[in-house]
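Work through the exercises below with the sequence and the coordinates at hand. Each task is followed by a stepwise solution.

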Amino acid sequence: MELGLTFPLQRFLKRKTPPYGAQPDRNFCWDLHVIQLRGCQCLLAVHCHSRYTFVRYDVPPLQWTDLPGLFREGLLESLAAAGFSQTQGEGYLRRAGRIELTRTHGRREVAFLNRAWEDVLELDLCLDTSRQAQPLLDHAVNVRPSRCAGFEGLGTGLERMAAVLCEREAEI
């Protein structure tokens with residue numbers, strides 16, 4: 001699995017620019033960005049194929065040092081809150097393989113990330129400042145209809161992620 005880091009996230013983490021990714025299947029690619037919500041540093045993660053999005057609020061410095069762990073935990077909690085089983089989430093991570101940090105995955109994918117960021121800002125009232133996981137905010141962003149390359153018509157990130165998880169389960 002590839003986690004594409006935006007330039008602001010690379011600077012925030014004080015990391016050198018990672019290499020370009022080599023994963024041809026965007027089902028196993030995510031782009032990550034650092035955002036500020038109510039003055040706190042937060043992780044915004046957007047799936048490159050489905051546009052499924054999750055936010056981790058007020059991430060402490062120590063958690064940023066283990067970005068793959070922060071991502072894994074956030075993804076599993078977000079999928080569980082969205083109604084997916086633990087088995088589906090863990091199965092997806094297992095099929096995705098080892099996590100590699102890369103550059104972001106292209107213009108279309110960065111456009112997804114920018115749109116998700118706009119949606120998060122617009123839905124700020126859904127933010128729960130008492131916890132890191134943001135199930136209400138994630139849900140509000142993921143049920144907004146939008147166009148997405150590779151999918152017919154309008155759909156939601158939640159519907160598209162369900163298709164990704166179910167499609168991958170069927171391949172086993």
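**Exercise 1.** In this predicted model, determine the strand order of the open sheet and say which strands stand at the edges.

Solution.
- Step 1. The open sheet has five strands in the order β4-β3-β2-β1-β5, and the pairing is mixed.
- Step 2. β4 and β5 (100-103) each have a single partner strand, so they stand at the edges and one side of each lacks a neighbour in the sheet.
- Step 3. Direction ignored, neighbouring strands are turned by 30° against each other on average.

**Exercise 2.** Describe how β1 is joined to β5, and find which helix packs on the sheet.

Solution.
- Step 1. β1 (residues 2-5) and β5 run parallel and are joined by four bridges.
- Step 2. In this pair, T102 of β5 is the residue opposite G4.
- Step 3. The helix packed on the sheet is α3 (residues 67-81), which touches β1, β2, β3, β4 and β5. The direction of α3 makes about 120° with that of β4.

**Exercise 3.** Which residues of α5 are buried, and why do they lie on the same side?

Solution.
- Step 1. α5 (residues 107-122) has 16 residues and reaches 22 Å from first to last C-alpha, close to the 22 Å expected at 1.5 Å a residue.
- Step 2. With buried taken as under 20% relative accessible area, the buried residues of α5 are E109, F112, L113, A116, D119 and V120.
- Step 3. These residues cover an arc of only 125° around the axis, which puts them on the same side of α5.
- Step 4. They pack against β2 (29-37), β3 (40-47), β4 (53-56) and α6 (135-142).
- Step 5. The exposed residues R107, E118 and E122 are on the face of α5 turned away from its buried side.

Notes:
Residues are numbered from 1 along each chain as its sequence is written. This is a predicted model: local features need pLDDT of at least 70, side-chain atom pairs count only at pLDDT 80 or more; totals for chains, interfaces and linings use all residues. Side-chain values use heavy atoms; hydrogens and water are left out. Helices (H or I, at least four residues) and strands (E, at least two) are DSSP runs, numbered from the N terminus. The expected span of a helix is 1.5 Å times one less than its number of residues. Buried means under 20% relative accessible area, exposed over 50%, partly exposed in between (1.4 Å probe, protein chains only). The arc is that of the directions from the helix axis to the C-beta atoms. Contact means heavy atoms within 4.5 Å. Two strands pair if DSSP finds at least two bridges between them. Axes are lines fitted to C-alpha atoms, for helices over the stretch in contact, and angles run from 0 to 180 degrees between N-to-C directions.
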